[in-house]
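Please look over the notes below with the model open. They cover the charged pairs, the core and the aromatic rings.

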Amino acid sequence: STSKKSMVVPLEPGPRGKHGSISDAMTTTVVEFAEIKKAVLESASSLSISIVRSGDLSIPCRVDYKTRDGTAKAPSDYVEAQGTLIFDAGEVRKNIEVKIVDDFSYEENEEFYVDLHNENVAGGEDVLGHCILG
């Protein structure tokens with residue numbers, strides 16, 4: 001009998017993006033992972049990672065994400081994912097989907113990472129706001 005391994009995905013903010021100038025009149029929205037880490041069996045076809053935001057929800061906000069190898073390696077253990085999540089005004093949750101590769105061989109638990117970076121208010125110059133990673 002073949003034992004299926006699981007993957008543990010520690011979720012940590014990546015390097016801080018640039019925010020521009022900050023003034024007392026600015027509002028703040030915080031973007032962060034809903035959970036600190038997630039585990040998934042290799043036989044699962046994908047992993048859904050929730051990103052949530054809090055603070056001033058009246059302004060749109062965006063954040064980039066990218067997977068990064070740990071002991072689990074793309075493309076043999078998972079399919080690399082990257083993109084931008086755009087939160088509209090009032091929106092509090094988005095999901096990142098990562099495809100998991102089942103190679104049908106026994107392996108110890110492995111992990112890969114998801115980094116958030118380049119957080120920014122999505123409205124451009126006319127929106128006075130500040131988006132930070134939690």
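**Notes on side-chain packing**

1. E91 is partly exposed, at 24% relative accessible area. Here buried means under 20% relative accessible area, exposed over 50%, and partly exposed in between (1.4 Å probe, protein chains only). K94 is also partly exposed, at 22%. The side chains of E91 and K94 meet in a salt bridge, 3.1 Å from N to O. The term covers a side-chain nitrogen of Lys or Arg within 4 Å of a carboxyl oxygen of Asp or Glu.

2. Before going on, note the basis. This is a predicted model, in which local features need pLDDT of at least 70 and side-chain atom pairs count only at pLDDT 80 or more, while totals for chains, interfaces and linings use all residues. Residues are numbered from 1 along each chain as its sequence is written, and side-chain values use heavy atoms, with hydrogens and water left out.

3. How many salt bridges are there by this rule? The count is three. Side chains of opposite charge can pair when their charged atoms come close.

4. K66 forms a salt bridge with E80, with the closest N and O atoms 2.6 Å apart. This pair links distant parts of the chain: K66 is in strand β5, E80 is in the loop between β5 and β6, and 14 residues separate them. Strands are DSSP runs (E, at least two residues), numbered from the N terminus. K66 is partly exposed at 32%, and E80 is partly exposed at 48%.

5. D115 and R68 form a salt bridge at 2.8 Å, N to O. D115 lies in strand β8 and R68 in strand β5, 47 residues apart. D115 is buried, at 13% relative accessibility. R68 is partly exposed, at 37%.

6. The largest nonpolar core has 20 residues, and I49, I51, I96 and F112 touch the most other members. Strands β2, β4, β5, β6, β7 and β8 each supply at least two residues of this core. Such a core is a set of buried Ala, Val, Leu, Ile, Met, Phe, Trp, Tyr and Cys residues joined through side-chain atoms within 4.5 Å.

7. Check I51. Its contacts (heavy atoms within 4.5 Å) include V31, F33, L85, F87 and L116, not counting residues up to four places away in sequence. K94 is also among them.

8. The structure holds one aromatic pair. The ring centres of Y78 and F112 are 4.1 Å apart and the planes are at 15°, so the pair is stacked. Rings of Phe, Tyr and Trp (its six-membered ring) pair if their centres lie within 6.5 Å; planes under 30 degrees apart count as stacked, over 60 as edge-to-face and the rest as tilted. Both Y78 and F112 are buried.

Methods. Helix = DSSP H or I, 4+ residues; strand = E, 2+ residues; numbered from the N terminus.
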